[in-house]
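Please open the structure in your viewer with the sequence alongside, and keep a way of selecting residues by number to hand. The stops below are meant to be followed in order.

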Amino acid sequence: MLIGYARVSKSDDQNTTAQVTALREAGCETIYQEAASGGRWDRPELQKLLDYLRSGDVVVVWKLDRLSRSLRDLLFIMEKLDAAGAGFRSLTESIDTTSPGGRMLMQMLGSFAEFEREMIRERTRAGLERARKEGRVGGRRPKLTAEQQREAVDAVRSGRRTASQMARVFDVHPATISRVVRSGVVADDS
């Protein structure tokens with residue numbers, strides 16, 4: 001079955017009429033329509049479409065960017081279609097994953113996206129390594145200062161207070177105090 005998807009950005013002066021007409025002319029029996037940003041993943045009609053898919057169905061869009069403006073999200077959607085045993089067709093770009101040429105094109109796009117992800121990971125690793133060499137440490141700042149940590153460790157280990165009591169004193173979760181007491185390592189205030 002051919003299933004259409006028509007999307008316009010949230011704006012008063014846009015509608016899906018032209019897309020729906022093209023999708024009907026292409027033979028779509030069911031058409032999901034919505035007004036939402038193509039860069040967002042939380043699009044209810046797209047989710048309904050993906051849940052509705054059965055093996056052998058073909059999702060049809062008027063133009064590729066109607067499905068998604070993000071290559072990463074587009075490839076994620078393509079994976080979901082593939083997992084459901086469904087195909088994909090874009091009327092404007094003449095992409096049809098039910099044909100060998102269309103599958104090859106989508107695989108090439110996937111390869112480029114994977115290459116870009118690897119390049120981002122490599123740049124991120126290099127940046128983190130450089131930061132470590134410069135003495136910077138990533139991650140969240142400690143909830144407690146070094147002095148507060150020493151005070152909590154001393155109070156709990158001496159038995160004067162429980163971890164829960166110290167957590168209330170410093171307005172943190174009891175697990176934070178327990179972790180500090182267990183490790184015995186006091187973070188530097190810098």
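Which residues form a nonpolar patch on the surface? In this predicted model, select M104, M108 and F112, which make up that patch and together have about 340 Å² of accessible area. F112 belongs to helix α5, residues 100-133, and this residue counts as exposed because its relative accessibility is 58%, where the threshold for exposed is over 50%.

Next, select D96, which is placed in strand β5, residues 95-96. D96 counts as buried because its relative accessibility is 19%, and the cut-off for buried is under 20%. If you set aside the neighbours within four places in sequence, the residues in contact with D96 are F88, R89, G102 and R103. Show the side chains of D96 and R89, and you will find a polar contact between them at 3.3 Å; the pair also forms a salt bridge, with the closest N and O atoms 3.3 Å apart. R89, at 24% relative accessibility, counts as partly exposed.

Side chains of opposite charge can pair when their charged atoms come close.

For one of them, select D65 and R66, whose closest N and O atoms are 3.1 Å apart in a salt bridge. D65 is partly exposed at 21% relative accessibility, whereas R66 is buried, with a relative accessible area of 9%.

For the other, move to helix α6, residues 146-158, where R150 and E147 lie 3 residues apart, about one turn of the helix. Their side chains meet in a salt bridge at 3.7 Å, N to O, and both partners are partly exposed, R150 with a relative accessible area of 43% and E147 with 46%.

Now select helix α4, residues 71-84, whose 14 residues reach 20 Å from the first C-alpha to the last, close to the 20 Å expected at 1.5 Å a residue. Colour D73, L74, L75, I77, M78 and L81 to pick out the buried residues of α4, and then step on to G85, which follows the helix and has a positive phi, near 80°.

For the last stop, select S178 in helix α8, residues 174-183, a residue that is partly exposed, with a relative accessible area of 28%.

How values were computed. Residues numbered from 1 in each chain as written. Predicted model: local features only at pLDDT ≥ 70, side-chain atom pairs only at ≥ 80, totals over all residues. Heavy atoms only, no water. Helix = DSSP H or I, 4+ residues; strand = E, 2+ residues; numbered from the N terminus. Expected span 1.5 Å × (residues − 1). Buried < 20%, exposed > 50% of the residue type's maximum accessible area, 1.4 Å probe, protein only. Patch = residues over 30% accessible without salt bridge, like charges linked within 9 Å, V, L, I, M, F, W, Y side chains within 5 Å. Areas by Shrake-Rupley, 256 points an atom, 1.4 Å probe, with all protein chains shown as cover. Salt bridge = Lys/Arg side-chain N within 4 Å of Asp/Glu carboxyl O. Polar contact = N/O pair within 3.5 Å; in protein donor to acceptor, adjacent residues only side chain to side chain. Contact = heavy atoms within 4.5 Å.
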